[in-house]
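Let's take a look at the charged side chains in this model and where they pair up. Here is the structure to follow along with.

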Amino acid sequence: MDSPLDRPAESRALLKTTWLRFRDQVALRALAIFLLLTTLGLLVAHPLAGVLAAESGINRGLQARRTPTWDAVTNYASTLADTDVIVMCTLALALVMRVVCNRWREPVFLMVTVALASTTFTLTTFPVERGRPDVAHLDPAPPTSSFPSGHVGAATALYGGLALLMVCWRRWHAPPALGPVLLGLMVAIPLVVPLAVAVSRMYRGMHFLSDVTVGIVNGALCIAVAANAYLRDPDPDRAGLRGLRPRPRPAPEQAQS
């Protein structure tokens with residue numbers, strides 16, 4: 001299969017345009033996300049700590065309802081957002097989309113979204129330094145802050161980004177036979193994963209409700225920023241990012257000929 005890697009000039013144009021879009025449409029917005037998360041984190045960890053003390057009751061309530069069955073279920077759900085799983089799934093999905101769609105628009109969007117969510121989460125944990133819930137932890141506590149939830153942010157970015165791509169794929173490629181029910185399932189199933197991860201992380205004593213809530217916000221904002229940069233352009237070919245433009249559907253008379 002012909003690849004841009006076989007055409008050095010086009011490969012350089014691809015990398016250059018991807019970087020320029022990141023610099024012009026992603027970088028400053030990523031900084032804004034980091035500043036927003038940091039501001040929220042400092043408020044949650046200090047001035048609002050007393051107001052949010054009731055969050056501990058949620059964690060204690062979940063701890064009181066632990067059972068071996070739910071311990072196992074939440075362990076599997078939490079694993080879906082482990083770093084190694086997120087990285088492998090992102091790379092695998094990007095490769096599949098590159099082959100199936102024969103362009104870079106979808107893979108670049110997904111990889112940038114996940115990388116952005118992971119970066120903003122990691123940077124935010126340093127100034128915030130919020131402690132974990134005061135309950136028994138079912139998972140090893142990482143050295144990062146409890147705020148925001150990195151698991152939930154990464155899950156939202158990956159699986160939420162995949163859901164958005166399903167909608168775009170239906171609009172750009174799918175035949176009319178793909179009805180609203182099937183499309184709804186294709187979108188809903190990935191969206192359930194971040195919610196399952198959020199509940200699991202609280203159940204397992206690793207995060208407060210505000211941690212997982214802001215984790216979802218982080219992932220959603222990263223999706224929006226990356227989508228604006230890599231999915232919204234009506235004519236990406238003119239910008240030099242070859243292969244990112246959706247293939248137009250043939251007219252009815254052409255399809256019948």
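A salt bridge here means a side-chain nitrogen of Lys or Arg within 4 Å of a carboxyl oxygen of Asp or Glu. Go by that rule and you get six salt bridges. This is a predicted model, where local features need pLDDT of at least 70, side-chain atom pairs count only at pLDDT 80 or more, and totals for chains, interfaces and linings use all residues. Residues are numbered from 1 along each chain as its sequence is written, and side-chain values use heavy atoms, with hydrogens and water left out.

| Pair | Distance |
|---|---|
| Arg 103 and Glu 106 | 2.5 Å |
| Asp 139 and Arg 201 | 3.2 Å |
| Asp 139 and Arg 204 | 2.8 Å |

Start with Arg 103, which is buried at a relative accessible area of 1% (buried means under 20% relative accessible area, exposed over 50%, partly exposed in between, with a 1.4 Å probe and protein chains only).

Now for Asp 139, which forms a salt bridge with Arg 201. Asp 139 sits in the loop between helix 5 (105–128) and helix 6 (150–172), while Arg 201 is in helix 7 (residues 180–203), so the pair ties together parts 62 residues apart in sequence. Helices are DSSP runs (H or I, at least four residues), numbered from the N terminus. Both Asp 139 and Arg 201 are buried.

Asp 139 also forms a salt bridge with Arg 204. Arg 204 lies in the loop between helix 7 and helix 8 (209–230), so this pair ties together parts 65 residues apart in sequence. Arg 204 is buried, as is Asp 139.

Finally, a network of salt bridges links Glu 55, Arg 130 and Asp 211.

Technical notes:
Helix = DSSP H or I, 4+ residues; strand = E, 2+ residues; numbered from the N terminus.
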